[in-house]
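Colleague: I would like to learn how to read the packing of helices in a model. Could we go through one case together?

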Amino acid sequence: MIMKFFHLSMILLLIGGCSAGNRSGEMDNAGLLVPETIDDGVWGTKGYQGLLGIQKEFDVKVYYKEGMKNDASVRQAIDDFEKEDVNLVFGHGSEYSSIFNEVASEHKDMHLVSFNGDATQKNTTSLTFKGYAMGFFGGMTAASQTKTDRLGIIAAFSWQPEVQGFIDGARYQNSQAEVLVDYTGHWDHAEVALERLDGLLDQDVDVVYPAGDGYNVAVIEKLKESGRYAIGYVSDQSDLGESTVLTSTVQHADKLYELIAGKYTADELESGNLEFDFQDGVISMGEFSPVIPDGFKSEMNQHIKAYVDTGKLPNGKEPPL
């Protein structure tokens, strides 16, 4: 059964399940806030898939609201969730960390979970994907296929650990590789990203890592037109062109949300800032392109397994803290 509730032109979608009363250590219902849409095919879709996974696994009602971009709308959404006995809320991005800290004391029966922030209250948690290792493996793959020894990164922000990981992995694989890095300043600035791409292509870059979920599809499509290669980001993007996307650095937000829901239900969800990596089953590499030699694929799979088992990368080092 699907029921819709309208408030201030925002849609709150209820997906049928069964509800319980408020009980410490148990999830009653779950809610999701996304800044854009669940239909982007990348980050927002991953969050929504995680919500559906929670519904199936824990037999609860799940709700979501899209377009949650300002504090007023977030506050109203949380109030609406509370009326529906939601006690586990996921804010699908770093923009929710601060407002969650502010409203936490007003919603003590809720646990508020965000990404890439600083959770300071007893009932708030911030999740972070440890991106360095996936970037390292992406950089190795890119450097194995370049013909010009010039690689490019179009990242959203300089703090993304996958950026330095990509640079270090590329240089480990190919000492002659040069990595050019540019930034958009936002996850969703597709026009800016395409301008940055033009600049990289003008400098003879032939493999690009678009490390932003709101513009990576547009960048990959343009790379396909120009006959260059890409490393996908967030999702396995081989479906955009297996001869273009060499591999992808995949962040399984859907699996992470189910993991967090399980911890909450078991009364084991910690407050504060938590990090997750390959070893937690929530980061992986995507499918390798058929243009990559089988020997290199086998070598990479061995490197990834070794990292999961030992925590050490092919260079013998652990990722920086």
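Modeller: Contact here means heavy atoms within 4.5 Å, and helices (H or I, at least four residues) and strands (E, at least two) are DSSP runs numbered from the N terminus. This is a predicted model, in which local features need pLDDT of at least 70, side-chain atom pairs count only at pLDDT 80 or more, and totals for chains, interfaces and linings use all residues. Residues are numbered from 1 along each chain as its sequence is written, and side-chain values use heavy atoms, with hydrogens and water left out.

Colleague: At what angle do helix H4 and helix H5 pack?

Modeller: Two packed helices are described by the angle between their axes and the distance between the axes. Helix H4 (residues 132-145) and helix H5 (residues 161-173) pack at about 40°, with axes 6 Å apart, the axes being lines fitted to C-alpha atoms over the stretch in contact and the angles running from 0 to 180 degrees between N-to-C directions. H4 is therefore oblique to H5, given that under 35 degrees counts as roughly parallel, over 145 as roughly antiparallel, 65 to 115 as roughly perpendicular and the rest as oblique.

Colleague: Which residues of H4 and H5 meet?

Modeller: Among them are Gly135, Gly138 and Gly139 in H4, and Gly165, Phe166 and Gly169 in H5. The residues of this contact of H4 with H5 divide into ten nonpolar, eight polar and two charged, where Ala, Val, Leu, Ile, Met, Phe, Trp, Tyr, Cys and Pro count as nonpolar, Asp, Glu, Lys and Arg as charged, and the others, Gly among them, as polar.

Colleague: How does H4 pack with H9?

Modeller: H4 and helix H9 (residues 294-310) pack at about 165°, with axes 12 Å apart, which means that H4 is roughly antiparallel to H9. The contact includes Phe137 and Met140 of H4, and Met300 and Ile304 of H9.
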